[in-house]
Amino acid sequence: MGQSSILPALLGLEVRATMKSPLEAPEKQIAEETSAKPEKPLASSVIDTSKMSKGQREALELAEASRDPLDDRGSFASNLFIGRYDFDRIYPYPAQSEQDRAAGEEFLQKLENYLREHVDADEIDRTGEIPPENFRGLAEIGAFGIKVPKKYGGLGLSQSNYGRAAVLLGSWDGNVAALVSAHQSIGVAQPLLLFGTEEQKQKYLPRVAGGEISAFALTETHAGSDPATMSLRADPTPDGSAFILNGEKLWCTNGVKAGVLVVMAKTPPKIVAGKERKQITAFIVDVDTPGLEIAYRCRFMGLRALYNAVVKFKDVRVPRENIIAKEGQGLKVALMTLNTGRLTLPAACVGVSKRLLEISRKWASERVQWGVPIGKHGAIAGKIAEMAGNVFAMEAMTFLSSSLLDRKAGDLRIETAMCKMWATEMTWKIADDAMQVRGGRGYETAASLAGRGEPPISVERFLRDCRVNMIFEGSSEIMRLFIAREALDPHLKVGGAIFNTQLPMSERAKAVFTSGKFYAGWYPRQWLPNGTRKIDNLHRDLQKQVDYATATSKKLARGLFHAMARFGPKLDREQLLLSRFVGIATELFAISATCSYGQHLLGQGKASEEVLSVANYFCRSARLRIDNHFAGTHRNADKRGYQLTQELLADKHAMLRDGIVR
Ligand SMILES: Cc1cc2nc3c(=O)[nH]c(=O)nc-3n(C[C@H](O)[C@H](O)[C@H](O)COP(=O)(O)OP(=O)(O)OC[C@H]3O[C@@H](n4cnc5c(N)ncnc54)[C@H](O)[C@@H]3O)c2cc1C
């Protein structure tokens, strides 16, 4: 079957669809309609890996083997891709309860006071060191065990309260924010809370909650975004009671100060379905174990006081009981840890962005040029409005997701990935715009400003510090691929087998039938008008935005389907096209969270003209971005751009290197 013929082929099958309730999760619904199994399928049955290079195949198979299928119920954000707009899942806004808020108040007040009185962010940036008394002070107020349950010596606070702490930290100092966040969002605490045995929790959680620093070591020189290329080995001892670790880890944040690490290592491969499959296992490793060496401290453009290390392992013996989860489940541990851990960065971004908005707002009203405050010039006003809208949406998305997480409201991996990707990119834009608003003063260091008698307002420090947020804990590109993979999942399950040349013809033919049955019902419905569904107590301005989002999620689903029909199994190579679909869904999530949060604030008696002004502005600008994404799905220069890059990689276009010092 030609790739472009899938759509008529699928729709040509005259089978009556039996679509269930629109609130049912895609996986369940698809399973029922197609008798496809909702359990996790083998990667090979969903994605054809036969034409991939060895490296690509291994990376994909490892990633697929570590991926849990999306929760049966789907989620608000994942359902956007199949044209299902479940506003009920996020409305009324799942606000933090008064009780939970109160539980965090005492600590948050202490943290705020501590930061203001004892943490000198510019000095930390200048010296590249966080003073030892700050480590002690933060430990004393409990900042290293915010989410660790009280019975293990922590504060036992919720994700929402942890997020509020991250806002405070982000607004003050990126270095301390990174220290505290790497320690408990990806360091020992989070994976142990998710997967640890009772013995492991009792042994390690009181230590890390008390201030013994922890870190997470996954990256290696040759294993960045692609963990399949990991080379640090963990070989079992002959009696099987321990593993011997050999190799090296790169860029381990907190490594220089850590007492205990989570280390991902390659354990002996297993044979799965007749083929050798790589195994990655997560270990808890005490830094004082003989053979472990903190070999080098890495330094960066920003986060200058990050205690980031190259860690060497030479015959490091780690007992079997230090495995987190099971042997071979290391990547799953890492992915699941990050699914939650990823919410800390957007919360910190809310703090950075609010601070930069405040700096910009004040400066735009004080600084007079050409006879008026610069905020009266349209070009500057435009930047500040954009910052304000994005701050509002960022807070809405991040705390909506945090609160859903606290309520254990299903699988939120898409929401947390969207928050991470969107918030880190918007924060970078906000930092860039804040620098422009402050002009030369934005580029000048705080110390230099102070030296000539001006207020030491840092913008350049925030700009330097926030850039890395788009690189670590899943780079923006990897986040887009991750979200796209989940977006395509329901469709891959229904129709992926058709194109999988590794499957027998009978199975592929069956897939044509089952997918035809499904799409014959699903596809026409994506064209049906929505009708108007008046949402209880939603302000009419916000209702309009929700109506738009409802219709646009169907348009998104149609677009994605058309792209699948056009590119067939090669769609996964169309990264720029997929990134536009991911961009549309993320903006729809942002609009929806903004509306839900906006109504919540109105209900709390906040000034309606203020709430609606910022919410309406944000939605309007997000809709323009969505228009751009849609336009790009039809008209773009992707193919030419790709071709041009391949030419450059092949050493052509020498004129572009002429006339420079090399
Ligand atoms: C300051 C700092 C702190 C860090 N802290 C930690 C830590 O505590 N623990 C830890 O384990 N690691 C840590 N890292 C590592 C970080 O997670 C990696 O830098 C990140 O995973 C990206 O890997 P890489 O830098 O090797 O980039 P690469 O994987 O080499 O990627 C380079 C570029 O290519 C893109 N790219 C790669 N693959 C694809 C693809 N398939 N499709 C499209 N684009 C792609 C990437 O997005 C990136 O833009 C840290 C890094 C830094 C800089």
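This briefing covers the ligand site, salt bridges, a surface patch and selected backbone features of the structure above.

The model is predicted: local features need pLDDT of at least 70, side-chain atom pairs count only at pLDDT 80 or more, and totals for chains, interfaces and linings use all residues. Residues are numbered from 1 along each chain as its sequence is written, and side-chain values use heavy atoms, with hydrogens and water left out. The ligand is surrounded by 20 residues, and the count of salt bridges comes to 30.

**Ligand site**

- Strand 1 (214–217), strand 3 (242–253) and helix 20 (476–495) each supply at least two residues of the shell. Helices (H or I, at least four residues) and strands (E, at least two) are DSSP runs, numbered from the N terminus.
- Polar contacts are pairs of N or O atoms within 3.5 Å; within protein, one must be able to donate a hydrogen and the other to accept it, and residues adjacent in sequence count only if both atoms are side-chain atoms.
- A ligand nitrogen lies 2.7 Å from an N or O atom in the side chain of Thr219.
- The side chain of Glu477 places an N or O atom 2.7 Å from an oxygen atom of the ligand. Taken alone the ligand exposes 960 Å², and the protein buries 68% of that. Accessible areas come from the Shrake-Rupley method with a 1.4 Å probe; for residues, only the protein chains shown count as cover.

**Salt bridges**

- Side chains of opposite charge can pair when their charged atoms come close. A salt bridge here is a side-chain nitrogen of Lys or Arg within 4 Å of a carboxyl oxygen of Asp or Glu.
- Asp411 and Arg413 form a salt bridge with an N to O distance of 2.7 Å. Both residues are buried. Buried means under 20% relative accessible area, exposed over 50%, and partly exposed in between (1.4 Å probe, protein chains only).
- Arg452 and Glu454 are joined by a salt bridge whose closest N and O atoms are 2.8 Å apart. Arg452 is partly exposed, because its relative accessibility is 44%.
- Arg452 and Glu454 also belong to a network of salt bridges with Arg441 and Glu444.
- In the salt bridge of Arg657 with Asp651, the N to O distance is 3.8 Å. Arg657 has 25% relative accessibility and counts as partly exposed, whereas Asp651 is exposed at 56%.

**Surface patch**

- Leu644, Leu648, Met655 and Leu656 form a nonpolar surface patch with about 380 Å² of accessible area together. Patches are made of residues with over 30% relative accessible area and no salt bridge: like charges are joined within 9 Å, nonpolar side chains (Val, Leu, Ile, Met, Phe, Trp, Tyr) within 5 Å.
- Leu648 is located in helix 25 (residues 638–649). Its relative accessible area is 33%, so Leu648 counts as partly exposed.

**Backbone geometry**

- Most residues other than glycine have a negative phi, and most peptide bonds are trans.
- The peptide bond from Tyr91 to Pro92 is cis, with omega near -5°. Pro92 sits in the loop between helix 5 (76–80) and helix 6 (98–118).
- Asp315, which is not a glycine, has a positive phi of about 50°. Asp315 belongs to strand 7 (residues 308–319) and is partly exposed at 44% relative accessibility.
- Lys408 has a positive phi near 55°. Lys408 is in the loop between helix 15 (378–406) and helix 16 (413–438) and counts as exposed, at 69% relative accessibility.

**Buried helix residues**

- Gln200 is in helix 12 (residues 198–209) and is buried at 4% relative accessibility. A polar atom of the Gln200 side chain lies 3.0 Å from the backbone nitrogen of Thr197.
- Gly137 is part of helix 8 (residues 132–140) and is buried, with a relative accessible area of 8%. Gly137 and Leu115 are 22 residues apart in sequence, with a C-alpha to C-alpha distance of 9.8 Å.

Methods
Near = heavy atom within 4 Å.
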